[in-house]
Structures are given as C-alpha cells and as structure tokens.
Amino acid sequence: MSTTYIARSSAVAARRLGDEMVMMSALDSTLFSLSDVAAVLWEAADGHTPLDQIVRDRVCSTYEVDHPTALRDAEEFVRALAAHGVLLVSDHPIEAPTAQASAASASGNSR
Amino acid sequence: MPTPTTCAAVDRRAPVAGGLDPEIGRLGLTIEIGGLPIRLRAPNPEFWSLLAARYSNFVRPEARAEMEFDLIAAAPGALSQEERVEVRCEDGRWLLARGDFRAAFDLGSRGGHLACVPNPYSVDTLLRVVHSLLLASADGLLLHASGGIRNGRSFLFTGVSGAGKTTMARLAPPDVRLLTDEISYVRRTDGCFRAYGTPFTGELGIQGESICAPLAAIYLIEHAAENGLEPVPEAQAARHLMRHTLFFARDARLAAGVFTTVCELVRRVPVFRLQFQPDPRVWEMIQ
C-alpha cells in the first residue's frame with residue numbers, strides 16, 4: 001500500500017468560527033464546514049506528514065476511534081475535498097502547494 | 001448618545017455650470033457612497049439631470065473622486081436583451097455587459113466608461129459592481145439587506161427575496177433613519193464595522209440617507225406567526241451572510257477577501273434570527 005500525503009490548496013480560505021471550521025473554495029466560492037476530526041486533518045495537511053501518521057498521531061490519540069476506521073474515514077474525507085480542488089493529494093511529499101497545483105491534483109492525480 | 005455620521009454632504013443644488021468638465025465638455029457628477037466618491041461624466045444635460053435626481057442624497061461636488069467614468073449614450077435597441085449581468089476581468093481590465101449597457105474600467109488607472117441607453121438602472125448596476133470590487137480588498141462588502149440607524153447604531157436586516165427587508169424598513173418608527181431597503185454597504189474602518197446608507201432602492205423606492213454608524217447587529221429575517229429573536233452561531237451566520245453578499249466577479253483573490261471580511265464581521269457583530277409579524281411592534285426588539 002502506498003503512502004498518502006495531503007496538502008492544503010492555496011485557493012482555499014479557511015477560518016475557525018466558534019467550534020466549527022468554515023472554508024471556501026476561492027475557485028468557485030463553494031462553502032464547506034468541517035467536523036472536528038476533519039478540521040484536525042485539514043490543519044495537519046502540511047504536504048510532508050503521511051496521512052496514516054496524521055490519523056495515528058492526531059486523531060486516534062484524541063478521539064476514541066480505532067486506527068483502521070479512522071483511516072478509512074480520513075481517506076473518504078480526503079477524496080471529497082480533493083474532488084473540489086481544495087486539497088492536494090499525492091503519493092509523494094508535496095512542496096509549496098498552489099491553487100493551480102491543487103486544481104491539477106484534483107483533476108489528475110487525486111485518488 | 002452617539003450620533004450617526006454624515007458621510008457625504010447633501011447637495012441638492014443643480015450645479016450644471018459647476019459640474020461641467022471644460023476639458024471634455026461633459027457634465028460631471030460625483031457620487032459618494034460608503035465614503036468612496038465616484039465621478040460620472042454625463043454626455044448631455046438630460047442624462048445629468050436624471051442622475052442628479054436619482055442620487056441626490058449622495059451627490060458630493062467637492063469630493064476628490066476615487067474613480068471616474070465617462071457615460072456614453074447608446075440608442076435604444078442598440079445593445080441586447082440579455083438580463084443577466086456578466087462580469088469578467090481581462091488583463092487587469094474589468095468588463096461588464098448586460099442587455100442595457102456595456103462597461104469597461106481599470107481599478108489601477110481608476111477610470112472607465114459606461115455605454116448605455118440613458119437610464120439610472122444601468123448606472124445603479126455599474127456602481128454596485130464597482131463598489132463590490134473596491135470593497136472586496138478594503139474590508140467591506142455589499143449585503144442584500146435593508147437597514148437603519150437608531151440611537152447612533154446601525155441595524156441590518158437580511159434574507160431571501162420576500163423575507164421582509166422592505167417591510168422592516170416600512171415599519172421603522174420615526175426615530176429610525178433609513179440606510180436602505182435593498183442593498184446595505186458595510187465597511188470596516190478604524191477596526192469598527194459600520195453600515196452606510198446607499199441610494200439602492202427596493203420596493204420602497206426611497207433612497208437611503210448618506211449617513212453611517214457602527215454596526216450593532218445583523219438580523220436574518222423571516223415572516224412568522226409570532227415575533228421571536230435568537231442568536232445565530234458564528235459559522236452558521238457566516239454561511240448565511242455569504243449567501244446574501246453581492247459579489248459579481250469570478251476572482252479567487254477578491255472572493256477570498258469577501259470571505260475573510262464575512263468571518264471578521266460575524267466575530268465582531270452579533271447576528272440574530274428574527275422571526276416577525278408585519279407589525280410595528282417588531283421594532284421593540286431592535287435596540
């Protein structure tokens with residue numbers, strides 16, 4: 001199984017409002033609200049830390065969820081955001097994501 | 001008690017001679033909304049008079065214009081029947097088109113032109129688009145909302161068409177000064193969000209006053225069998241306000257600016273859900 005890396009697109013504006021993370025795709029002005037766990041994944045999406053490690057260190061250590069279940073949910077979340085071009089996904093570390101790179105990733109390399 | 005600020009001198013004179021731009025032989029009219037003066041140069045006295053009457057509360061002859069537009073009269077039927085306004089940017093130049101007008105302008109050189117069949121509606125649309133673009137990078141936005149000033153503080157009422165924006169303006173007691181019954185102008189200056197009056201009218205057909213005041217609250221309104229008021233969480237409020245914000249351009253940077261402004265707005269200004277009967281007593285809850 002290959003390693004998955006995720007990075008935030010620069011084409012996204014995100015703010016934490018109260019206990020909710022709200023984000024907007026600047027490409028099409030679509031609004032998203034993230035759950036607590038999804039917000040943890042989003043904030044940890046630095047392009048260098050493998051998704052598997054993020055789930056283990058940031059999700060399973062905080063929430064009462066087993067690793068296989070958390071990873072499956074995380075992969076689903078990643079696919080959904082990548083489809084909107086707001087998250088870059090790759091099987092190798094991602095350097096300085098850009099809006100263009102993210103959009104390309106969403107249409108080409110996302111899984 | 002704080003008092004509303006006069007944002008522009010009201011000038012109901014008819015300074016035809018004073019407004020003449022001798023260099024190009026056009027009649028100038030400076031219209032200041034939200035503290036941003038825009039100068040329009042009309043091609044003939046008839047069009048000038050039409051605009052002077054339409055924007056009478058916002059005419060400010062002495063203001064130094066932030067942008068200038070030459071208005072060009074087009075013959076009726078010369079354009080198209082398209083009702084949707086198209087806004088796009090090509091090489092830094094903004095292009096607007098609708099059935100009744102064509103416009104182009106450059107935010108850098110701060111100039112442009114508007115070709116239209118002489119009527120105030122085309123100019124209204126031009127002003128809305130230009131102000132929405134200027135505000136997107138200036139901590140402000142245009143909100144589909146009515147509003148008024150009471151006791152030195154401003155209150156806005158937003159919602160879908162038919163929710164009651166004009167009704168709230170119509171039911172306002174005499175101590176409330178009307179900002180608008182259709183499009184509200186919100187801008188942050190000196191760290192404080194303020195609502196400004198606009199000439200943009202809805203069913204009421206009355207332009208607002210050219211005044212502003214710190215924004216005390218925003219209400220998401222809807223008709224109901226009983227009056228009721230409840231606070232709206234920040235994230236939910238932001239989603240609502242994004243839906244009711246006027247923004248015409250497909251521009252990622254400016255769209256992100258609007259989003260940031262909305263997020264700051266809901267952090268600093270309380271947002272309530274206001275259910276109301278069409279009765280003046282609803283204003284007892286607006287303090």
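Q: Let me start with a pair of helices: what is the handedness of the crossing of H5(B) and H6(B)?

A: A crossing is left-handed if the near helix is turned anticlockwise from the far one by less than a right angle, and right-handed if clockwise. The crossing of H5(B) and H6(B) is right-handed. A word on the model before we go on: it is predicted, so local features need pLDDT of at least 70 and side-chain atom pairs count only at pLDDT 80 or more, while totals for chains, interfaces and linings use all residues. Residues are numbered from 1 along each chain as its sequence is written, and chains are lettered from A and ligands numbered from 1 in the order in which they are written.

Q: At what angle do the axes of H5(B) and H6(B) cross?

A: Axes are lines fitted to C-alpha atoms, for helices over the stretch in contact, and angles run from 0 to 180 degrees between N-to-C directions. Helices (H or I, at least four residues) and strands (E, at least two) are DSSP runs, numbered from the N terminus. Here the axes of helix H5 (residues 234–244) of chain B and H6(B) cross at roughly 135° and come within 9 Å. Angles under 35 degrees count as roughly parallel, over 145 as roughly antiparallel, 65 to 115 as roughly perpendicular and the rest as oblique. H5(B) and H6(B) are therefore oblique to each other.

Q: Which residues of H5(B) and H6(B) meet?

A: Two residues are in contact if their C-beta atoms, placed from the backbone, lie within 7 Å. From H5(B) come B:Glu234, B:Ala237, B:Ala238, B:Leu241 and B:Met242, and they meet B:Phe259, B:Val262, B:Cys263, B:Leu265, B:Val266 and B:Arg267 in H6(B). For classes, Ala, Val, Leu, Ile, Met, Phe, Trp, Tyr, Cys and Pro count as nonpolar, Asp, Glu, Lys and Arg as charged, and the others, Gly among them, as polar. The contact of H5(B) with H6(B) has nine nonpolar, no polar and two charged residues.

Q: Which residues of helix H2 of chain B are buried?

A: A residue is buried if 20 or more other C-beta atoms lie within 10 Å of its own, exposed if 12 or fewer, and partly exposed in between, with C-beta atoms placed from the backbone. In helix H2 (residues 45–54) of chain B, the buried residues are B:Phe47, B:Trp48, B:Leu51, B:Ala52 and B:Arg54. Seen down the axis of H2(B), these residues fall within an arc of 165°, so they line one face of the helix. The arc is that of the directions from the helix axis to the C-beta atoms. The face turned away from the buried side of H2(B) carries the exposed residues B:Glu46 and B:Ala53.

Q: What covers the buried residues of H1(A)?

A: First, the residues themselves: in helix H1 (residues 36–44) of chain A, A:Ala38, A:Val40, A:Leu41 and A:Trp42 are buried. Their cover includes strand E1 (5–8), E2, E3, E4, helix H2 (51–59) and H3 of chain A. A:Thr69 lies in helix H3 (residues 67–83) of chain A and counts as exposed, with 12 C-beta neighbours inside 10 Å.

Q: How many helices and strands does each chain have?

A: Chain A has four helices and six strands, in the pattern β-β-β-β-α-β-α-α-β-α along its sequence. Chain B has six helices and 18 strands. Of the 111 residues of chain A, 35% count as buried; for the 287 residues in chain B, the buried part is 47%.

Q: How many residues does each chain bring to the contact between chains A and B?

A: Chain A gives 14 residues and chain B gives 13 residues. Strand E2 (12–17), strand E3 (20–25) and strand E4 (31–34) of chain A each supply at least two residues of the side that touches chain B. By class, that side of chain A has nine nonpolar, three polar and two charged residues.

Q: Where do B:Asp91 and B:Asn151 lie?

A: B:Asp91 is in the loop between strand E6 (86–90) and strand E7 (93–98) of chain B. Although not a glycine, B:Asp91 has a positive phi of about 55°, and this residue is exposed, with 5 other C-beta atoms within 10 Å. B:Asn151 is in the loop between strand E10 (140–150) and strand E11 (153–158) of chain B. B:Asn151 has a positive phi of about 50° although it is not a glycine, and it is partly exposed, with 14 other C-beta atoms within 10 Å.
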